[in-house]
Amino acid sequence: MGRFRPLLAIVVAVLATCLIACGGPTVKAPPTYTPEILQRVELYRGGVESLRDRFPELQGYIQKQDWVNVQSFIHGPMGELRARVNRLAASLLVRDQPQAEALAKEIYSHLERLDEAATNGQQVLAGQEYRNALDDFDSFLSLIPTA
Ligand code: ZN
């Protein structure tokens, strides 16, 4: 058997090189939005857009320094935001998901800070976090393709 070993080593090396170079079988994700994907996106878009439409209610409460309503709005109607935004982000193409998820996290962290500012009665900070949340919310929605 001894004299076959060098040959075997070469064969193994060649096979390994080929496997690495050829990359093996890969599942190709669809490169563009197909009608099926767009249909799924549409399914989740409405729920997120309806929350975006109500978002400015927060601004009214902040202006009146109505901190009780700021907080009940964040935990009440906007309590659904995270789940709905996550579902919508997950319905996007894989290539668009990281950006959507990053913006989604931004929205939540601004809302958390707004909640905290409301607890402490900090109107200026609350206003800033509101506007930042709104900007990130609009950037998120601009990533969503339309059918
Ligand atoms: Zn932000």
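Two residues are in contact here when they have heavy atoms within 4.5 Å of each other. What you're looking at is a predicted model, where local features need pLDDT of at least 70, side-chain atom pairs count only at pLDDT 80 or more, and totals for chains, interfaces and linings use all residues. Residues are numbered from 1 along each chain as its sequence is written, and side-chain values use heavy atoms, with hydrogens and water left out.

**The overall picture**
- The protein chain has 7 helices and 0 strands, where helices (H or I, at least four residues) and strands (E, at least two) are DSSP runs, numbered from the N terminus.
- Of the 147 residues in the protein chain, 34% are buried (under 20% relative accessible area, with exposed over 50% and partly exposed in between, using a 1.4 Å probe and protein chains only).

**The zinc site**
- Glu 106 (OE), His 110 (NE2) and Asp 136 (OD) are the protein donors of the zinc ion, at 2.0 to 2.1 Å from it.
- Donors are N, O and S atoms within 2.8 Å of the metal (3.2 Å for Na, K and Ca); water is not among the atoms, so sites may look incomplete.
- Along the sequence, the donor residues follow the spacing E-x3-H-x25-D.
- His 110 in helix H6 (residues 97-119) and Asp 136 in helix H7 (residues 123-142) link distant parts of the chain, 26 residues apart.
- Both His 110 and Asp 136 are buried.

**Where H4 meets H6**
- The axes of helix H4 (residues 67-75) and H6 come within 9 Å and cross at roughly 155°; axes are lines fitted to C-alpha atoms, for helices over the stretch in contact, and angles run from 0 to 180 degrees between N-to-C directions.
- On the H4 side, the contact is made by Trp 67, Val 70, Gln 71, Ile 74 and His 75, and on the H6 side by Leu 111, Leu 114, Asp 115, Ala 118 and Thr 119.

**Two residues to look up**
- Arg 45 sits in helix H2 (residues 35-54) and counts as buried because its relative accessibility is 8%.
- Leaving aside neighbours within four places in sequence, Arg 45 is in contact with Leu 88, Ile 144, Pro 145, Thr 146 and Ala 147.
- Gln 65 is in the loop between helix H3 (57-63) and H4, and its 42% relative accessibility is why Gln 65 counts as partly exposed.
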